[in-house]
Amino acid sequence: EFPTGTGHWGYSGGLTFVKTTDPAVLFLNLDYFHSIPKHEEGFGKMAPGDSYEYGVGMAFALNEKLSLSLSFDQRITKKTKQDGVRLIETDSNVVMFNIGGTYAVSDNTSVGLSVGIGLTGDAPDVTILMRVPFTM
């Protein structure tokens, strides 16, 4: 079986800042994630690196139903530690440029599609994300 995640508990916190400048919305996200170290059988005390992330972008309305968005995101993850020793090549720097659009199908449902382009070796080359948020 393929492993999912690191198997470590952690916690995170973040802030989001939004400024409307009709017809656009500017945003900034700041996030921090801390992984809680634990003892791994045969490996000792393992502590995955903490992550810092930020994103800046803009969404702008083309009409009352359609909007486009552009954003830039960076996540920096520090090195994993094994028994207090930093392991080489376990840090990462993921940088993505995202282009997307959202269409309001109805008052309660929209469809969003975005394409992310990786800008560093640690980032995926391309990501495609489709969202269908709805309210009941």
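At 15% relative accessibility, N98 counts as buried, where buried means under 20% relative accessible area, exposed means over 50%, and partly exposed covers the range in between, with a 1.4 Å probe and protein chains only as cover. The structure is a predicted model, in which local features need pLDDT of at least 70 and side-chain atom pairs count only at pLDDT 80 or more, while totals for chains, interfaces and linings use all residues. Residues are numbered from 1 along each chain as its sequence is written, and side-chain values use heavy atoms, with hydrogens and water left out.

N98 is found in strand β9, which covers residues 92-104; strands are DSSP runs of E with at least two residues, numbered from the N terminus. The side chain of N98 is joined to that of D73 by a polar contact of 2.7 Å. Such a contact is a pair of N or O atoms within 3.5 Å; within protein, one atom must be able to donate a hydrogen and the other to accept it, and residues adjacent in sequence count only if both atoms are side-chain atoms. Not counting residues up to four places away in sequence, N98 touches S69, L70, S71, D73, V115 and G116, where contact means heavy atoms within 4.5 Å.

F97 also has its place in strand β9, and F97 counts as partly exposed because its relative accessibility is 29%. Leaving aside neighbours within four places in sequence, F97 is in contact with L70, S71, V115, G116, I117 and L119. The C-alpha atoms of F97 and V111 are separated by 20 Å, although these residues are 14 residues apart along the chain.

**Strand pairing**

Two strands are said to pair if DSSP finds at least two bridges between them. Strand β2 (residues 24-35) pairs with strand β5 (residues 51-61) in the antiparallel sense over 10 bridges, and in this pairing A24 stands opposite F60 in β5. Strand β5 is in turn joined to β6 by 11 bridges, again with the two strands running antiparallel, and here Y54 stands opposite Q74 in β6. β5 and β6 form a hairpin, with four residues between them.

An open sheet of four strands has the order β3-β4-β7-β8, with antiparallel pairing. Its edge strands are β3 (38-40) and β8 (85-86), each of which pairs on one side only. Strand β7 (residues 81-82) and β8 pair in the antiparallel sense over two bridges, and Q82 stands opposite V85 in β8.

**Salt bridges**

How many salt bridges does the count come to? The count is two, by the rule that a side-chain nitrogen of Lys or Arg must lie within 4 Å of a carboxyl oxygen of Asp or Glu. The table sets out both pairs.

K79 lies in the loop between β6 (66-77) and β7, and D91 lies in the loop between β8 and β9, so the pair ties together parts that are 12 residues apart in sequence.

A nonpolar surface patch of about 890 Å² is made by L70, I99, L113, V115, I117, L119, V126, I128, M130 and V132. Patches are made of residues with over 30% relative accessible area and no salt bridge, with like charges joined within 9 Å and nonpolar side chains (Val, Leu, Ile, Met, Phe, Trp, Tyr) joined within 5 Å; the areas come from the Shrake-Rupley method with a 1.4 Å probe, and for residues only the protein chains shown count as cover. Strands β10 (110-118) and β11 (126-131) each supply at least two residues of the patch. V126 lies in strand β11, and V126 counts as exposed because its relative accessibility is 52%.

D125 has its place in the loop between β10 and β11. Is D125 buried or exposed? D125 counts as exposed, at 64% relative accessibility. Not counting residues up to four places away in sequence, D125 touches G116, I117 and G118. D125 and M96 are 29 residues apart in sequence and 9.0 Å apart in space, C-alpha to C-alpha.
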